[in-house]
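Hi there,

I am handing over the structure we talked about, and my notes follow below it. Please have a look at it before you read on.

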Amino acid sequence: MPNRLELANAIRFLSIDAVQKANSGHPGMPMGMADIAEVLWNDFLHHNPNNPQWMNRDRFVLSNGHGSMLLYSLLHLSGYALSLEDLKHFRQLHSKTPGHPELGHTPGVETTTGPLGQGLANAVGMAIAEKHLAATFNREAFPIIDHYTYVFAGDGCLMEGISHEVCSLAGTLGLGKLIVFYDDNGISIDGKVENWFTDDTPMRFRAYGWQVIPKIDGHDSKALRRALIKARKNKDQPTLICCKTRIGWGSPHLAGTASTHGSALGEAEVAATRQALNWPHAPFIIPDAIYKSWDARKQGQKLEQAWQTLFAAYEKDYPDLATDLLRRSTHRLPPNWAEEAKKFVQEQNAKAESVATRKASKYCLDYFAPRLPELLGGSADLTESNCADWKGATVFSPETPQGRYLHYGVREFGMSAIMNGMAVYGSLIPYGGTFLTFSDYARNAVRMAALMRCKVIFVYTHDSIGLGEDGPTHQAIEQAPSLRLIPHLSVWRPCDTVETALAWQAALEHQGPTCLLLSRQNLPFQQRDAQTLAMVAKGGYILADHAKGLPDALLLATGSEVSITLQAAEALKKENILVRVISMPSTDTFLKQEAAYQAEVLPPQITARIAVEASASNFWYQFVGLNGKVIGLDRYGASAPAKDVFQDCGITVERIVAAVKEVMHGDEVVEFSGFRA
């Protein structure tokens with residue numbers, strides 16, 4: 001029977017050998033945290049390698065994702081579908097063992113990690129999801145949702161500002177089944193962190209409201225077991241277990257140094273480490289006895305079967321709850337979803353109300369939230385400004401974990417990464433609101449949502465210079481086009497209540513993240529016949545066409561600029577210039593349509609094209625061509641009432657009219673003043 005050191009050394013040497021073979025990677029963390037991982041995975045973690053998606057499994061998140069070989073070694077040893085050959089192809093093209101763990105790429109990986117701190121934030125989202133779903137679905141004698149979320153995090157994760165945002169909130173929310181192992185090895189890429197990271201980390205987390213278990217020897221299995229038992233008993237507070245470890249543990253000459261952080265040890269040091277740890281086996285050779293001790297498949301199957309038996313009894317006693325949970329866990333919307341959504345859109349079209357699209361978004365929430373129990377939302381301290389809640393919403397709190405509205409506080413980055421964690425957990429559709437300009441605070445979490453194709457909805461209000469008096473610091477300029485450049489991210493900027501309703505419907509149906517860019521100011525309702533209404537969902541459509549045949553020019557616009565563009569079209573009509581106005585609330589959705597439809601909306605023979613949007617202009621040249629014009633904003637705004645800011649920035653009817661004449665006839669365009677550096 002192998003001892004604990006031998007079991008941990010299997011992790012160490014698989015990691016050492018894979019990094020050495022690739023001549024790329026991070027061996028130090030797996031070597032330093034191997035003993036912690038061995039105790040957690042062999043003595044506490046509930047999981048089933050035969051079914052990585054078992055609903056009630058414990059979640060394990062490697063927030064310090066650069067140490068990915070630790071996770072790959074654990075998955076391989078415990079019996080997941082990750083072969084020795086996969087480990088040998090670490091960091092190679094199209095392998096199942098990429099440089100950082102990637103969701104959907106490797107069985108058993110719960111979330112994509114690597115950007116430090118975000119895995120920890122995802123785990124907070126998972127713990128919120130577990131707490132909420134347990135309160136929603138569990139009944140007496142039926143703990144259907146009942147598990148822990150475990151995190152490995154290093155100094156780098158805790159230096160990142162996002163760790164403050166999410167850990168502060170986790171303490172406030174009393175996420176007692178969240179347990180974080182802090183790998184306190186005192187080393188980062190630049191060397192000893194004592195020169196730039198001298199926080200009293202235990203005191204910091206106690207201030208957040210966490211249970212802190214300090215000064216644990218990360219290489220002492222008995223101390224680790226005691227700490228874990230204590231952590232699991234406290235259901236009212238998240239727990240930080242501070243583990244003092246030695247990076248590169250076992251390396252005779254490099255342990256405890258930054259040299260082991262991000263580079264292969266080198267053949268000589270690998271040989272010396274084998275000798276020092278009495279590991280006589282060749283690279284990638286693990287003795288059968290060690291494999292047998294690590295194999296978690298039989299125990300995992302037993303755990304899941306016991307749960308399946310419990311769920312079968314639950315399904316018999318609570319069939320409606322069981323049906324709803326299974327529906328949500330398989331990412332299916334309710335059976336009557338299509339009819340309900342269509343009805344709502346038709347109602348908005350009939351109401352013909354002119355309101356801000358942020359208010360139109362609240363109408364959507366008031367309608368959809370009662371019909372979609374999986375919708376769980378919040379705002380970064382801007383609930384009223386974002387119109388982010390709905391009638392009858394209950395706030396999520398330690399006392400009301402069944403609540404579906406979350407006050408995130410001023411934590412845009414943390415909110416976004418927490419939502420990603422909820423989405424990858426499953427059975428929830430999270431959304432969160434802030435101002436569009438503050439999407440910059442959250443940008444890397446938005447990118448990670450796109451990379452993982454998380455079904456999250458980012459509600460971004462105050463979408464342009466139209467917010468007026470708050471001025472350039474709050475007025476979004478470059479944000480809309482930059483979000484549109486992110487692969488797999490769908491972006492909608494609606495012009496009225498109908499487009500907002502269809503944007504929400506699209507977001508709820510999209511298997512990936514969506515951004516809704518919404519106005520602060522009121523926008524006029526646009527009349528549509530039934531045929532036009534049916535085209536809105538295509539992302540771009542003909543809203544008005546003054547020509548019976550081909551128009552003289554094409555005008556494209558989004559959001560608040562649609563109404564200005566329609567006014568310009570009317571002015572041009574008086575001069576016998578007949579144009580077509582295309583509303584394009586979602587460019588990515590439009591570009592997914594068949595080529596024939598795109599050509600119908602934007603006839604290729606019409607080269608006189610103008611795009612109008614109060615944001616950075618370069619994005620739109622793909623639609624108007626180099627000979628077209630973009631009435632955009634390649635400067636910052638101003639602090640004044642919205643009408644004055646639009647005038648000052650040149651987003652006017654007069655400028656659109658002049659630009660159309662220029663692209664048609666070469667007339668000199670009337671420029672505007674007021675550019676800023």
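**Helix packing**

Let me start with a pair of helices: α2 passes α3 in a right-handed crossing. Helices here are DSSP runs of H or I with at least four residues, numbered from the N terminus. A crossing is right-handed if the near helix is turned clockwise from the far one by less than a right angle, and left-handed if anticlockwise. On the α2 side the contact (heavy atoms within 4.5 Å) is made by Met29, Pro30, Met33, Ala34, Ala37 and Trp41. On the α3 side it is made by Leu70, Leu71, Leu74, Leu75 and Ser78. Sorted by class, the residues of this contact are 10 nonpolar, one polar and no charged. Here Ala, Val, Leu, Ile, Met, Phe, Trp, Tyr, Cys and Pro count as nonpolar, Asp, Glu, Lys and Arg as charged, and the others, Gly among them, as polar.

Before going further, a word on the model: it is predicted, so local features need pLDDT of at least 70 and side-chain atom pairs count only at pLDDT 80 or more, while totals for chains, interfaces and linings use all residues. Residues are numbered from 1 along each chain as its sequence is written, and side-chain values use heavy atoms, with hydrogens and water left out.

Two packed helices are described by the angle between their axes and the distance between the axes. For α2 (residues 28–43) and α3 (residues 68–78), the axes come within 10 Å and cross at roughly 40 degrees. The axes are lines fitted to C-alpha atoms, for helices over the stretch in contact, and angles run from 0 to 180 degrees between N-to-C directions. α2 and α3 are therefore oblique to each other. The scale is this: under 35 degrees is roughly parallel, over 145 roughly antiparallel, 65 to 115 roughly perpendicular, and the rest oblique.

Helix α3 also packs against α1 (residues 4–22), at an angle of about 120 degrees and with the axes 9 Å apart. That makes α1 oblique to α3. Their contact includes Leu14 and Val19 of α1, and Leu70 and Leu74 of α3. It divides into nine nonpolar, three polar and no charged residues.

Among the residues in contact are Trp337 and Phe344 of α14, and Tyr363 and Phe368 of α15. This contact has seven nonpolar, one polar and four charged residues.

**The largest pocket**

How much space lies in the largest pocket? About 670 Å³. It is lined by 34 residues, and those closest to its centre are His331, Ala423, Val424, Tyr425 and Gly426. A pocket is an open set of points on a 1 Å grid over the protein atoms alone, with protein on both sides within 12 Å along at least five of seven lines; lining residues have an atom within 4 Å of a point. Points are joined across faces, edges and corners, and a volume is the space filled by probe spheres set on them. Helix α13 gives the most to the lining, with four residues. By class, the lining has 15 nonpolar, 10 polar and nine charged residues.

Enjoy exploring!

Note on methods:
1 Å grid on protein atoms, 1.4 Å probe; cavity = no way out; pocket = protein on both sides within 12 Å on 5 of 7 lines; lining within 4 Å. Helix = DSSP H or I, 4+ residues; strand = E, 2+ residues; numbered from the N terminus.
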